[in-house]
Protein chains: 2
Amino acid sequence: MIAEILSVGTELLMGQISNTDAQYLSRRLSELGVTLYRHTTVGDNPGRVKEALNEALSRADMVITTGGLGPTEDDLTKEMVGEFFGLPMELHAPSLEAIRTRMQRIGREMTQNNIKQAYFPHGAIVLPNLCGTAPGCIVESGRKAVAVLPGPPRELQDMFERQLAPYLAKRSGAKIASRFLRVFGVGESKVETLLQDLFHSDNPTLALYCGAGEVVARISARVRTDEDPQRLIAPLEEEIRKRLGEAVYAEGLKHPLAQTVLELLEARGETVAFSESLTGGKLAAAFVDCPGASRALNESYVTYSNEAKHRLLGVQNETLSRFGAVSAECAHEMALGTLRAAKADWAVSTTGIAGPDGGSAEKPVGLVYVGVAHGQQVWTEAFQFRGDREWVRTLACQNALNMLRLKILHAESSRNASSSAE
Amino acid sequence: MIAEILSVGTELLMGQISNTDAQYLSRRLSELGVTLYRHTTVGDNPGRVKEALNEALSRADMVITTGGLGPTEDDLTKEMVGEFFGLPMELHAPSLEAIRTRMQRIGREMTQNNIKQAYFPHGAIVLPNLCGTAPGCIVESGRKAVAVLPGPPRELQDMFERQLAPYLAKRSGAKIASRFLRVFGVGESKVETLLQDLFHSDNPTLALYCGAGEVVARISARVRTDEDPQRLIAPLEEEIRKRLGEAVYAEGLKHPLAQTVLELLEARGETVAFSESLTGGKLAAAFVDCPGASRALNESYVTYSNEAKHRLLGVQNETLSRFGAVSAECAHEMALGTLRAAKADWAVSTTGIAGPDGGSAEKPVGLVYVGVAHGQQVWTEAFQFRGDREWVRTLACQNALNMLRLKILHAESSRNASSSAE
C-alpha cells in the first residue's frame, strides 16, 4: 500500500508550530509496512487543500490528512474530501450527541460551528474522538481511501492507535522493522566506503545518516505481518559490526553515548569524575541525563579559571604559564588531579577554545585537548573542531565520552588478555 | 514572492527525525514577508525528487530544497535541479579546495564522494558551508529560482541567515520585522490576561509562544523594505514592558536567561559559582554557553553524592540525615558552602528528584530546592515541576537562573535606594 500524508494548517506554513503529527504518522506507517512516498503541507485554503488532495490521490492508494477539523470557518478538510468524491455531507447523530455531552462536561456552550463537526461525507466510517471534540473519518472510494484525522497531537495519536492502525494493518499485509546502529569516530564517507557493497541489498536495506559527530546506520527489513524480521536483519547487522568494530557504540535511536559509558562503568563497578574547562558542565550534564548516573558519578568539577585548575586539581602554575591552559600538558594534569580529588576510578578532563574569541594562529578556535586518567595511566588527545561555540563544546563532550569509552573497552580487553595468559 | 519548500530525505518519510528545517524556514520566510503556499517532503529517490521539483516550480517563484547534499550516492538534490533546468554539472574549484582543507583539518580522508560535493549546475551561485562540508547553491532560470540547502539544521540555519536571507530580501520588496520579548516567571494565561486588549491590533501584531518554562511575546510589523518598522514596534513594546515589569528578562530569540544573568554580574563586576545535584552540570553549562562567561565564573561543582556535598561544600551530615539531600536545609548549606569554597560573590545550589525513580509520597519526582547565597544572605525556594527527567532538570536550571536574576536585581535596587537615601 502506498500512502501520502496531507497536513492542513496555516500555522504550520508560518512555522509557528512544528509538524509533530507528520513525524509521528511517518514513523508508525513505516512500522506498519505502509510505504510513504510524500508528505505535503498546505494552509487552510479550500482551493489549495482540494488541489493537494487531488494530486495525492492520483499517486497514492491511501491519503491521511491531519488538521482542519476544528469548529471555525476555515476548517474544511472533511468538506473538501466529500466534494472531491462527489459525496454530500450528512449529519452523524452519535457524533452530535458525543459533542453535546463533551461541551456540557467542559462547561462550554454548543455553537452552530460545533454542529458542523458532526457532519461527514455520505458513507464515511466515523472515527470517534476520545480525547477531544472533532471526530475523524475514513472515506473509501473504489481502491482509494482517505483518512481524516484531527490536528492536535494527543487526539491524532489516540485516534490513530485505536482506530486507524488496525484498519491499515488489515489493508496492508506487510510490516517494516528497523534497527539503528550508532557509530562514533568514523566519518560518514569512510563508513560508506567500508560498507559500500552492502547498500545494494533490496531487503533488508541499509542507509546512513548523520548525528552530532556520529553516523547512524539503519537496517530496515520488510516482511509479512506474521514473519520475524530478525531473520533478515541479524546477518546484515553482524556483517556491519564486523567491519566497523568498536566504532559501533550502541543500538537504538534513544541510546546516547553517555549511556554506553555509564553501562560500561556500572558493569565494572567503577566511577568517573570530570574536570571541565571549555565544556563547562556539559559533559557531566550529559552523563547525569542518563537515569541511574548516581551509580557511577559522585562529583564533578567545572574549572574554568587557571586558579581553579591549580587549586582544585593541582595543575602546576609552571605548566599553565609554560604551555597554557589549552595544552596536552594541562589536560594531563587536570585528569590526574581529578582522579585524586574525586577518588574516582576514571577521570576525564577537557580544555580548549570554544570561541568566538580567544583563538590565535597557533591555537585556533575549536582546538580542544581531552585527558583521560585511570590508575597510573593518563592519555591525552588533541582535536580540532569547526563550528560555533555551541557546536565545538558539543563535539568536545561527545569525543571526550568516546575516548573514555574506548579506554574502558581496552582496559577490559587487556584485563581479559592478561587473565587468559595466566 | 511565492515560495515552496521541498524537503528531501527518506529519514523524514520514515519519521526518524523531525523536520525542524521546514519549521525554521517557514518561520523565517514569514518574517521576511515571503508567502509560503506549500511544503513537500519526498525521499531520496531521483524520480520523485524531480517530479516534486517540477510541480513546485510550476506553482511558485522560488523553491527552497533541504537535504540530499551529502557525499553518498542517494544524495542527489543538486543533480536533479541541474537536470531540471538542463544545466550540466561543473566542478567549482574553491568548493573543492574548501572541502579538501576541511577534511585535512578534521583528519578525514577525502573520498571520491566528497569530490561530488564540489559539483554544481552550470551558472549556479555557490553558497559556502561555514559549518559543514556540503556547500549549497542558488540556481536562477528566468523569473524562477531554486535554492539548494543542506539538511543538518546547524548548517542550514547558518547558510540561510548569512547568505539566503539577504538574497530573498532583495528579491521581495516587503519585509516583516519582529521583536521578541522573553518573559519568565509568569504563566501564559496570566500574560494573556494582562495583555488581552493588545492582541486586537492588525499591524503590528502581537502573539505569544511558550518556551522552556517561559513565555515569548512576539511583536511583528509589516513594512516596505525602505521603511523603519521601529515606528510601529516601539510603542507596543513599551506598553508590554510597563504591564509585565521585571518578568521581561530580555529581548530577542537568541538571548537566553543565562546571558541576562551574565550581563547583570558583569555590570557589577561580580562572580557566581554553582553547586548542582539533580541538574548535574547543566546549570554551569548553560552559563558557559554564553561567550564571555569566564568574566563571571571561575569554577563550579557537581555534588551528586551526599559525601561530595559534605566534603566539598561542608553540608553537615546531620542536615543530610535529618532533612535529606532534597530539602531546603540542604540547598541552604550547599549555597553557603559554595560561596565559601569558590570565593564567589553569588552562589546557586540545586537539589531535587529528577526521576524517573527516587520519588516518594512526601517528596515526589519533580520536587526541587534552589538556594541562592550572597554575602551573609541565603534564600531558598521549593519548586514542584511536572514532566520527565530531562524536563524537570531543564526547568530546575531555568528557575534557578531566574531566582538568581531577581536577587541580583533586588540587590541592585536596594543598593540604589540606600545610596539615594544617603
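## Terms and basis of the model

A residue is called buried when its relative accessible area is under 20%, exposed when that area is over 50%, and partly exposed in between, with a 1.4 Å probe and protein chains only. The model is predicted, and local features need pLDDT of at least 70, side-chain atom pairs count only at pLDDT 80 or more, and totals for chains, interfaces and linings use all residues. Residues are numbered from 1 along each chain as its sequence is written, chains are lettered from A and ligands numbered from 1 in the order in which they are written, and side-chain values use heavy atoms, with hydrogens and water left out.

## Aromatic pairs

Over all chains, a search of the whole structure finds eight aromatic pairs, where rings of Phe, Tyr and Trp (its six-membered ring) pair if their centres lie within 6.5 Å, and planes under 30 degrees apart count as stacked, over 60 as edge-to-face and the rest as tilted. One of them joins F274(A) and F287(A), which is edge-to-face because the planes stand at 65 degrees, with ring centres 5.7 Å apart. This pair links distant parts of the chain, 13 residues apart, since F274(A) belongs to strand β13 (residues 272–276) of chain A and F287(A) to helix α11 (residues 282–288) of chain A; helices (H or I, at least four residues) and strands (E, at least two) are DSSP runs numbered from the N terminus. F274(A) is buried at 0% relative accessibility, and F287(A) is buried with a relative accessible area of 0%.

F383(A) and F385(A) form a stacked pair, because their planes are at 15 degrees, with the ring centres 5.5 Å apart. F383(A) counts as buried at 13% relative accessibility, and F385(A) counts as buried at 9%.

## Charges over rings

A charge sits over a ring if NZ of Lys or CZ of Arg is within 6 Å of the ring centre and within 35 degrees of the ring normal. The charged end of K78(A) is placed in this way over the ring of F120(A), 4.5 Å from its centre, and that of R48(B) over the ring of Y37(A), 3.5 Å from its centre.

## A buried threonine

T351(A), in strand β15 (residues 346–352) of chain A, is buried at 1% relative accessibility. A polar atom of its side chain lies 2.7 Å from the backbone oxygen of A325(A). Leaving aside neighbours within four places in sequence, T351(A) has contacts (heavy atoms within 4.5 Å) that include S277(A), K309(A), M334(A) and Y369(A).

Notes:
A polar contact is a pair of N or O atoms within 3.5 Å; within protein, one must be able to donate a hydrogen and the other to accept it, and residues adjacent in sequence count only if both atoms are side-chain atoms.
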